[in-house]
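Subject: Structure for you to look at

Dear colleague,

I am handing over the structure below, and my notes on what was found in it follow. Please keep it open while you read.

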Amino acid sequence: MQILVFLYCAQFDATLKLFFWELHMSNGRLRGFTYLFVLLMLIWLALTLSLDSQELAVGFFISILLALFLTKEYADLGFPPFTPARILYFIFYAFVLLWEIIKANFDVAYRVVHPKMPIKPGVVVIKTGLKSDIAKMLLANSITLTPGTFTLDIIGDRLLIHWINVKTDDIDQATRIIGEKFEKYLKVIFK
Amino acid sequence: MYIVGEIVTGIGAIFLFLGSLGILRLPDVYNRLQAGTKCTTLGAFLTTLGVGIMEPAWFWKTLLIALFIMATNPISSHALGRASCKSNVPLWDKSVVDKTKDFEECRKVEEA
């Protein structure tokens with residue numbers, strides 16, 4: 001009996017070691033795990049709003065468990081490592097985006113309530129210089145949230161955009177009007 | 001603080017109303033999606049945040065909800081737009097440009 005328990009413990013120990021070894025060796029896995037753990041813990045704190053030791057313990061274990069499960073998915077997303085400069089730039093980018101969203105809302109609201117409906121819809125193509133998939137996703141989502149533009153499709157470095165008030169059908173000028181204001185921040189964040 | 005929360009919630013409700021008005025008034029699927037996403041984002045954001053300001057104990061929870069809406073809303077509207085684009089839903093007849101054909105050529109070049 002004792003031997004069985006010992007064997008079982010040894011095997012469990014070995015699997016655990018192997019697991020953490022893999023976590024260490026595979027590039028960026030541990031980093032992703034840490035980010036996920038911190039993020040989940042922050043969400044837990046925001047949801048419970050208490051520093052009670054029992055609540056914290058439950059949150060701690062659930063965060064560790066979820067982070068272990070989601071580490072591989074996080075690594076597949078391909079986020080770059082978080083440096084302070086990147087985080088600062090990202091917060092600044094969030095404010096730029098918020099300002100654009102507010103402008104978007106007033107612009108579209110004006111077009112909707114105006115009796116003549118001054119819309120000039122059309123579908124245009126723009127280019128992007130961003131390389132990674134996650135950066136392109138952020139750009140497409142930001143474009144979806146700006147004044148009267150929204151992303152229909154992406155192939156390679158081309159984005160198909162529906163524009164509620166078309167100002168130009170030239171690909172370079174459209175890129176300058178629609179994409180530039182976000183791309184210059186995303187380029188710094190994801191370089 | 002309570003009054004501030006009520007005002008913020010009220011502005012959010014106005015934006016939600018404008019969004020639904022846009023869905024009624026605008027001519028085709030794509031333009032309706034524009035109104036549906038834009039006004040709803042800020043509308044839902046301000047409404048939930050206003051409730052958070054009214055009840056300070058809920059503030060962080062409502063902020064989480066608002067951030068979740070911000071992150072997921074463009075994705076759902078993009079999915080709807082892409083689906084209608086793929087199934088050849090026609091543009092409004094007064095649309096100015098349509099570069100969908102150029103884009104399809106890009107796709108062929110990319111695949112080749």
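Lys86(B) forms a salt bridge with Asp153(A), the closest N and O atoms lying 4.0 Å apart; a salt bridge here is a side-chain nitrogen of Lys or Arg within 4 Å of a carboxyl oxygen of Asp or Glu. Between chain A and chain B the count is two salt bridges.

This is a predicted model, in which local features need pLDDT of at least 70 and side-chain atom pairs count only at pLDDT 80 or more, whereas totals for chains, interfaces and linings use all residues. Residues are numbered from 1 along each chain as its sequence is written, chains are lettered from A and ligands numbered from 1 in the order in which they are written, and side-chain values use heavy atoms, with hydrogens and water left out.

The contact (heavy atoms within 4.5 Å) takes 45 residues from chain A and 41 residues from chain B. The area buried between the two chains, meaning the accessible area (1.4 Å probe) lost on putting them together, summed over both, is about 3,900 Å², and carbon and sulfur atoms give 74% of that.

Helix α4 (residues 84–113) of chain A and helix α2 (residues 29–54) of chain B have axes (lines fitted to C-alpha atoms, over the stretch in contact, with angles from 0 to 180 degrees between N-to-C directions) that come within 9 Å and cross at roughly 125°. Ile101(A) and Asn105(A) of α4(A) are among the residues making this contact, as are Lys38(B) and Leu42(B) of α2(B).

Best wishes

Technical notes:
Helices (H or I, at least four residues) and strands (E, at least two) are DSSP runs, numbered from the N terminus.
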